[in-house]
Amino acid sequence: MPSAAITLSATEQECTAAHKLVRRVTPQYSNNIRFGVNPEQKSPTIQGLGKSIYISAENERECIRAYGYYLRNIAKVHLSWNGDNIRHAQFIVPTRIITVPAARPFNYAFNYCTLSYTTVTWDKQRWEKELDRLALNGVHYVLVTSGLEKVWQNFLTELDYPQEKIAKFIPNPCYAAWWNMGNLEGEGAPVSQSLIESEAELGRFIVRRLKELGMEPVLQGYVGFLPHDFPQAGINGKLIPQGKWCGYKRPVVLQPTAPAFADVAALWYKHLHQVYGTTAVAYGGDLFHEGGRKADTSLYDAAKAVQKAMQQASPGCKWLIQAWGHNPEPELLKGTDPEHTVILALQKDLTPRARLNFDFKGRPFVWCELSNFGGKHGMFGGMDVLENLTDKNCEAIGIGLISEGLETSPLFYALLWERMNTPAPIKRQDFLVNYSKARYGTPDKRIILALQHLAGNIYTPNKRREGSLENIMCARPNLSAVKATTWADPTMYYKPESIEQAARLYLQAGKIAGTKLTSQPTYRYDLADLCRQVLADRARAQLKRCKQAFDAKDIAKFTTESNHFLSLIRQSSEILATSEFYLLGRYIDGAKGRGTTPEDKQAMERNLRQLITTWRPDIGVLNDYSHRQFAEMMQHYYLPRWQSYFNARKAELSGKHADNEKIIRGITTNNGEAVEHVTIRNKEIETIEKGFIQADIPLLIAPRGDIMKLAESILK
């Protein structure tokens, strides 16, 4: 033991945040972990100190990251959005000094969309857990938008914009992501003052805790947004209409080169900093995002004006710009200061051929995975690209967690955390063995073989795509349906039989290990997720049989095949109900927890239900974009839609005309990408869709059913 030679740092007792984190995450270790800060120390170290562990690093944030390394790689603790495994952890005192690998200096977390598709269901307690996880996994910068409702309210009030119009401008938090990106305004309005105040308090809590843990909040910079009907006479500068985004009227943009821009921006930062109680070292905000109109604006001069206002508000800060589609244009990049600009390079290409380096005119960039569009459920991720994304072949200053939605695909995100903290290539077999030990408490050979099936197939896409292959059961009913959303790729890129084989291996492992494995929420979620995917793959093939029977005008055959398709939806609902992470009731309860009054809770539930179904109040290209495979939705939303549709087809085969349907074909463009789409307007189905937003259906808070028995039935 090297403990006798250790000289404790004078700042050891000052690591208050680190010690508090240990008590929150692993209270059983709280008396055996000590931290020390040595500003001269280049790399964190872990070593034995009698029966305790001593972790030292250059600052407290790095001490916490080193503790995360210890938990993942030595104690075999697993933390994820889909279950934790702490009870099987092993407290091991190292017999030698362990040097923790270096992390890149700018690891980043969260897409604007993440903060509506996923984190809108997180209350203060849930956020506390998440911030601990981010700190343990080496994240440095975190996007924060909770509280911007209060900033906008104060900002527009001082600009003499009428209060009744402010109330129409601020959207429900479920839609705040696209408001903050300048895509829409007012969806779900009005927002009560109590909800505005509670969101501001949550935002302040997140910012305070981030700083306590040594991380930095990324706050919203000012790029010129104002309400679409802001009076031109009330401001000295050109207001540029931004047109529409997916049917929504967008806020206007005050031209950044306008005489009034500097004063308006200063006013924004005054209220931003007042609400959060602090300035920031990094600000987000994109000019002319996703099809925004620049009119006669010089992007070069506009970038300079935006950044000048930002620097005046917080000297030395960095402007974080999303590289997505055509943004940022070269002219805008040239106008930015390289020293104070960081580009978030959003990458939805997660194939082995994914691009690792970018030319942003000398501006540093963060390589950001972009997956799980809409926050939909499904297995997806780029194992190969993450395994080989090293310091030597990628010049990024950091790695970004920037999926549109989270709380899915634990295997992929575990690898992402590893990549944030490992400069060298990651060997797949070693990673899978360690993953199995940490997530389940055992390196079971069947589970490791199953993970190999998944890593080499569904988790290694062969072409660029917007996340997982969508579950056809969640598609708007149509015998020719191949996907659920407008922009998704319907290509089957993996072998369905590999998923079935993985599911059987998991089932076998559970039978042999018994409750030691099957009692764990991590195992129950993963087996349910595998069975969900098996049923989704079967449904895709089954729908083709339904169409063949219909085209043959064989009503008896069509009835049989369509009934079997409906049975797959029912089976999915039963399977999903066995895991707490697939319950709509639990999800909605989280969103309702953000409200402080019955009215606020009702508003949060109503808007969240709309977001994950029709998206907009009407039916259009965003319908089902954020579809979820919750147990209750399978039973009370997707099943009735398909039942109604199949009944109409059977009536059609019997000679009755479907007079309540209308087929609409069109082309929609978003961010320069044009997609053909077909929408079947069906009055009965639309009644089901719109009714679900207010429907009083049984919601589950706790799991029900036996995953082992259900899996056995499905896989035999």
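Hi everyone. Let's start inside one helix: W642 and Y645 sit 3 residues apart in helix α22, so about one helical turn separates them. Please keep in mind that this is a predicted model. Both W642 and Y645 are buried.

That brings me to aromatic rings. The count for this structure comes to 51 aromatic pairs. One of them joins Y117 and Y625, with 6.3 Å centre to centre and 40° between the planes, and that pair is tilted. Where do Y117 and Y625 lie? Y117 belongs to helix α3, residues 114–117, while Y625 is in the loop between α21 (598–611) and α22 (631–653), so the pair ties together parts that are 508 residues apart in sequence. Are these two residues buried or exposed? Y117 is buried, at a relative accessible area of 1%. Y625 is buried as well, with a relative accessible area of 10%.

Now back to W642 and Y645, which also form an aromatic pair. Their rings are 6.0 Å apart, centre to centre, with 90° between the planes, and this pair is edge-to-face.

If you have the structure open, look for a cluster linked by ring pairs: Y117, Y175, W178, W245, Y248, W487, W615 and Y625. Notice that Y117 and Y625, our tilted pair, are both members of that cluster.

Next, helix α5, which covers residues 148–158. How many of its residues are buried? The answer is 8 of the 11, so α5 is largely enclosed by the rest of the structure. The buried ones are L148, E149, K150, V151, W152, Q153, F155 and L156. Which elements cover them? The cover includes the helices α6 (163–169), α7 (176–180), α8 (193–212) and α9, together with the strands β7 (216–220) and β8 (225–226).

Just after α5 we reach D160, in the loop between α5 and α6. D160 is not a glycine, yet its phi is positive, about 65°. For context, most residues other than glycine have a negative phi, and most peptide bonds are trans. D160 counts as exposed, because its relative accessibility is 69% and the cut-off for exposed is over 50%.

F110 also has a positive phi, near 95°, and is a residue other than glycine. You will find F110 in the loop between β5 (108–109) and α3. Is F110 buried or exposed? F110 is buried, with a relative accessible area of 1%.

While we are on the backbone, let me show you some cis peptide bonds. One runs from A189 to P190, with omega near 0°. P190 has its place in the loop between α7 and α8. Another cis bond goes from N327 to P328, where omega is near -10°. P328 is in the loop between β14 (318–323) and α11 (330–335).

Let me finish with helices packing against each other. Two packed helices are described by the angle between their axes and the distance between the axes.

Helix α9, residues 261–276, packs with helix α10, residues 299–313, at an angle of about 40°, and their axes are 9 Å apart. That angle makes α9 oblique to α10. The crossing is right-handed. Which residues meet there? From α9 come F261, A265, Y269 and H273, and from α10 come A305, V306, A309, M310 and A313. By type, this contact has 8 nonpolar residues, 1 polar and no charged ones.

The other pair is helix α13, residues 410–420, with helix α14, residues 428–440. Here the angle is about 110°, with the axes 11 Å apart. Why do we call them roughly perpendicular? Because 110° falls in the range of 65 to 115 degrees that counts as roughly perpendicular. α13 passes α14 in a right-handed crossing. On the α13 side the contact is made by P410, L411, A414, L415 and E418, and on the α14 side by F431, L432, Y435 and R439. This contact divides into 7 nonpolar residues, no polar ones and 2 charged.

Notes: Residues are numbered from 1 along each chain as its sequence is written. This is a predicted model: local features need pLDDT of at least 70, side-chain atom pairs count only at pLDDT 80 or more; totals for chains, interfaces and linings use all residues. Side-chain values use heavy atoms; hydrogens and water are left out. Axes are lines fitted to C-alpha atoms, for helices over the stretch in contact, and angles run from 0 to 180 degrees between N-to-C directions. Helices (H or I, at least four residues) and strands (E, at least two) are DSSP runs, numbered from the N terminus. Angles under 35 degrees count as roughly parallel, over 145 as roughly antiparallel, 65 to 115 as roughly perpendicular and the rest as oblique. A crossing is left-handed if the near helix is turned anticlockwise from the far one by less than a right angle, and right-handed if clockwise. Contact means heavy atoms within 4.5 Å. Ala, Val, Leu, Ile, Met, Phe, Trp, Tyr, Cys and Pro count as nonpolar, Asp, Glu, Lys and Arg as charged, and the others, Gly among them, as polar. Buried means under 20% relative accessible area, exposed over 50%, partly exposed in between (1.4 Å probe, protein chains only). Rings of Phe, Tyr and Trp (its six-membered ring) pair if their centres lie within 6.5 Å; planes under 30 degrees apart count as stacked, over 60 as edge-to-face and the rest as tilted.
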